[in-house]
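Thanks for coming. I will walk through one structure, residue by residue, and then turn to its surface.

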Amino acid sequence: MFRWGIIFLVIALIAGALGFGGMAGTAAWAAKLVFVVGIIIFIVSLIMGRRGAP
């Protein structure tokens, strides 16, 4: 999941350096979204993993 976030971040940086502002903004938004979803999934799995077996 974080691999996709890094890929979108690199795309945003390259697009921003080349002057493609719209595409850079979209890729940066996608990178943020992927990172946030990844962190939420990580926290949920961490909480669910701490539960004992029923």
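I start with Gly-25, which is found in helix 2; helices here are DSSP runs of H or I, at least four residues long, and they are numbered from the N terminus. Gly-25 is partly exposed, at a relative accessible area of 40%. On that scale, buried means under 20%, exposed means over 50%, and partly exposed lies in between, with a 1.4 Å probe and protein chains only. Leu-13 is 12 residues from Gly-25 along the chain, and their C-alpha atoms are separated by 9.5 Å.

A word on the source: this is a predicted model, where local features need pLDDT of at least 70, side-chain atom pairs count only at pLDDT 80 or more, and totals for chains, interfaces and linings use all residues. Residues are numbered from 1 along each chain as its sequence is written, and side-chain values use heavy atoms, leaving out hydrogens and water.

Now Arg-50, also placed in helix 2. Is Arg-50 buried or exposed? Arg-50 is exposed, because its relative accessible area is 70%. From Arg-50 to Gly-38 is 12 residues in sequence and 19 Å in space, C-alpha to C-alpha.

Next, the surface. A nonpolar patch there has about 920 Å² of accessible area together, and its members include Phe-2, Val-36 and Ile-43. Patch residues have over 30% relative accessible area and no salt bridge, with nonpolar side chains (Val, Leu, Ile, Met, Phe, Trp, Tyr) joined within 5 Å and like charges within 9 Å. A salt bridge is a side-chain nitrogen of Lys or Arg within 4 Å of a carboxyl oxygen of Asp or Glu. Areas come from the Shrake-Rupley method with a 1.4 Å probe; for residues, only the protein chains shown count as cover.

Helix 2, residues 21-50, supplies the largest share of the patch, nine residues. Ile-43 sits in helix 2 and is partly exposed, at 42% relative accessible area.

Terms used
Helix = DSSP H or I, 4+ residues; strand = E, 2+ residues; numbered from the N terminus.
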